[in-house]
Amino acid sequence: MPDRRKQAISLRISATDLRKVKQLAERLGRRDSDVIRFALKIMLGRLEPLCDQNVRGRALVPVIVE
């Protein structure tokens, strides 16, 4: 059974990116942390083929191009 506990992390982002996160959170009526978690989840989903040792060659091109 996978470990489902959440863990706090420290994240360094530029002032510009933080401002964008805060603007998005305000517009959506959510917390900054919700926006960051969503963005991280989306990004990890797109990079997932890089974690799969069986994916090679041309199959990685879309990940690298994006």
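A pocket is an open set of points on a 1 Å grid over the protein atoms alone, with protein on both sides within 12 Å along at least five of seven lines, and its lining residues have an atom within 4 Å of a point. Grid points are joined across faces, edges and corners, and a volume is the space filled by probe spheres set on the points.

This is a predicted model, in which local features need pLDDT of at least 70 and side-chain atom pairs count only at pLDDT 80 or more, while totals for chains, interfaces and linings use all residues. Residues are numbered from 1 along each chain as its sequence is written, and side-chain values use heavy atoms, with hydrogens and water left out.

**View 1. The largest pocket and its lining.** The volume of the largest pocket is about 490 Å³. It is lined by 16 residues, and those closest to its centre are I9, S33, I36, R37 and L40. Two or more lining residues come from each of α1 (15–28) and α2 (32–51). Helix α2 gives the largest share, seven residues.

**View 2. The helices and the overall form.** The protein contains three helices and zero strands (DSSP runs, H or I of at least four residues for helices and E of at least two for strands, numbered from the N terminus). Along the sequence the pattern is α-α-α. The C-alpha atoms fill a box of roughly 40 × 35 × 20 Å, taken along the principal axes. The radius of gyration is 15 Å, whereas a compact globule of 66 residues would have one near 11 Å (taken over C-alpha atoms; the globule rule is 2.2 Å times the number of residues to the power 0.38).

**View 3. C51 in helix α2.** C51 lies in helix α2. Why does C51 count as exposed? C51 counts as exposed because its relative accessibility is 65% (buried is under 20% relative accessible area, exposed over 50%, partly exposed in between, with a 1.4 Å probe and protein chains only). C51 and K22 are 29 residues apart along the chain, and their C-alpha atoms are separated by 30 Å.

**View 4. A59 in a loop.** A59 sits in the loop between α2 and α3 (61–65). Its relative accessibility is 46%, so A59 counts as partly exposed. From A59 to P49 there are ten residues in sequence and 8.1 Å in space, C-alpha to C-alpha.

View 5. E66 belongs to the segment after α3. With a relative accessible area of 64%, E66 is exposed. E66 and C51 are 15 residues apart in sequence, and the C-alpha to C-alpha distance between them is 16 Å. Across the protein, buried residues make up 9% of the 66 residues.

Notes
1 Å grid on protein atoms, 1.4 Å probe; cavity = no way out; pocket = protein on both sides within 12 Å on 5 of 7 lines; lining within 4 Å.
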